[in-house]
Amino acid sequence: MTSFTVSGHGLCHNLSETVESAVVTNQKNWKALSTDAAGLLFAVVWAARGAMAAHVSTMAMAIPIAVITLVLLAGFARRDLIQCRPERIWDAALLRRVKIMRIIAITVMITSVRSTHHPELLYPLLGCIIGLSYIPMGRAMHEPIHVIMGFVIVSVSALSFLLPEPLHLEVAGFGTALAIWVGAVIRLRNSGTLSFLPKNALPS
């Protein structure tokens with residue numbers, strides 16, 4: 001009887017640890033999905049801003065933007081929740097510092113743009129800040145795609161400063177959105193989520 005009780009207690013203890021581990025893992029997966037979804041939402045805002053600057057009709061841009069976003073979101077949901085293979089965070093402290101500094105930088109930038117009465121600089125400067133934040137984020141996650149994507153977004157945003165209005169908003173908007181979309185496709189491809197896309201189809 002004593003032997004049976006100890007064994008049962010051990011079984012319950014192991015089961016409790018397994019359930020707790022599953023809950024924690026599930027929370028991490030949902031958190032990863034929310035982060036990926038936020039990046040896609042950022043791309044939607046940029047693409048919409050580029051479309052507005054180019055005077056493209058709402059319906060003409062809403063459909064392709066929605067399709068691209070939903071397909072990529074479904075891919076991240078499959079990777080993070082079904083396959084349970086979200087990108088690993090190797091340096092959580094660095095990632096937290098990046099997020100805090102990004103919020104501070106965006107707040108200071110918006111205040112400065114409003115005080116100097118140059119609203120046309122808002123989106124290009126915002127793109128530069130977001131792009132720069134992707135670089136240390138890539139280091140924290142050991143994900144080179146984030147680093148490359150950050151450099152591309154910063155380059156596109158810097159180029160847009162040299163262009164006349166509203167062309168600079170078109171370039172900043174469409175260029176930033178395209179960089180995020182392509183980066184998302186490559187990340188999903190590298191994780192094996194896009195099984196229909198061979199690994200040599202896109203540059204790593």
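This report describes the helices, helix packing and selected residues of a predicted model.

## Basis of the model

Local features are reported at pLDDT of at least 70 and side-chain atom pairs only at pLDDT 80 or more, whereas totals for chains, interfaces and linings use all residues of this predicted model. Residues are numbered from 1 along each chain as its sequence is written, and side-chain values rest on heavy atoms, with hydrogens and water left out.

## Overall architecture

The chain contains six helices and zero strands, arranged along the sequence as α-α-α-α-α-α. Helices (H or I, at least four residues) and strands (E, at least two) are DSSP runs, numbered from the N terminus. Of the 204 residues, 34% count as buried. Here buried means under 20% relative accessible area, exposed means over 50%, and partly exposed lies in between (1.4 Å probe, protein chains only).

Contact means heavy atoms within 4.5 Å. Among contacts between residues at least 6 apart in sequence, 69% join residues at least 24 apart.

## Annotated transmembrane regions

An unreviewed UniProt entry lists residues 54-77, 98-115, 121-138, 145-163 and 169-188 under "transmembrane region". Such positions are given in the numbering used here, feature names are shortened, and annotations may be inferred rather than shown by experiment.

In the model, residues 54-77 are 83% helix and 0% strand, and the end C-alpha atoms of this span lie 32 Å apart. Residues 145-163 are 89% helix and 0% strand, with 27 Å between the end C-alpha atoms.

Two packed helices are described by the angle between their axes and the distance between the axes. Axes are lines fitted to C-alpha atoms, for helices over the stretch in contact, and angles run from 0 to 180 degrees between N-to-C directions. Angles under 35 degrees count as roughly parallel, over 145 as roughly antiparallel, 65 to 115 as roughly perpendicular and the rest as oblique.

Helix 3 (residues 92-116) packs against helix 4 (residues 122-141) at an angle of about 170°, and their axes are 10 Å apart. The two helices are therefore roughly antiparallel to each other. On the helix 3 side, the contact includes L94, L95, V98, R102 and A105, while helix 4 contributes residues including L122, L125, L126, I129 and R139. By class, this contact has 16 nonpolar, one polar and two charged residues. Ala, Val, Leu, Ile, Met, Phe, Trp, Tyr, Cys and Pro count as nonpolar, Asp, Glu, Lys and Arg as charged, and the others, Gly among them, as polar.

## Packing of helix 5 with helix 6

Helix 5 (residues 144-161) and helix 6 (residues 167-190) also pack at about 170°, with 8 Å between their axes. This pair is therefore roughly antiparallel. The contact of helix 5 with helix 6 has eleven nonpolar, eight polar and one charged residues.

## Buried positions within helices

S157 is found in helix 5 and counts as buried, at 0% relative accessibility. Leaving aside neighbours within four places in sequence, S157 is in contact with P124, G127, C128 and T176. G127 belongs to helix 4 and is buried, with a relative accessible area of 0%. With neighbours within four places again left aside, G127 contacts W46, I153 and S157. The C-alpha atoms of G127 and V154 are 6.6 Å apart, although these residues are separated by 27 places in sequence.

T69, in helix 2, is buried at 15% relative accessible area. Not counting residues up to four places away in sequence, T69 touches L40 and V44.

## Loop residues with positive phi

Most residues other than glycine have a negative phi. H55 has a positive phi of about 60° although it is not a glycine. H55 lies in the loop between helix 1 (2-53) and helix 2 (58-82) and counts as exposed, at 71% relative accessibility.

H117 likewise has a positive phi, near 60°. H117 is placed in the loop between helix 3 and helix 4, and is exposed with a relative accessible area of 66%.

## Cysteines

The structure holds zero disulfides, a disulfide being a pair of cysteine sulfur atoms within 2.5 Å. C84 is partly exposed, with a relative accessible area of 42%, whereas C128 is buried at 16%.
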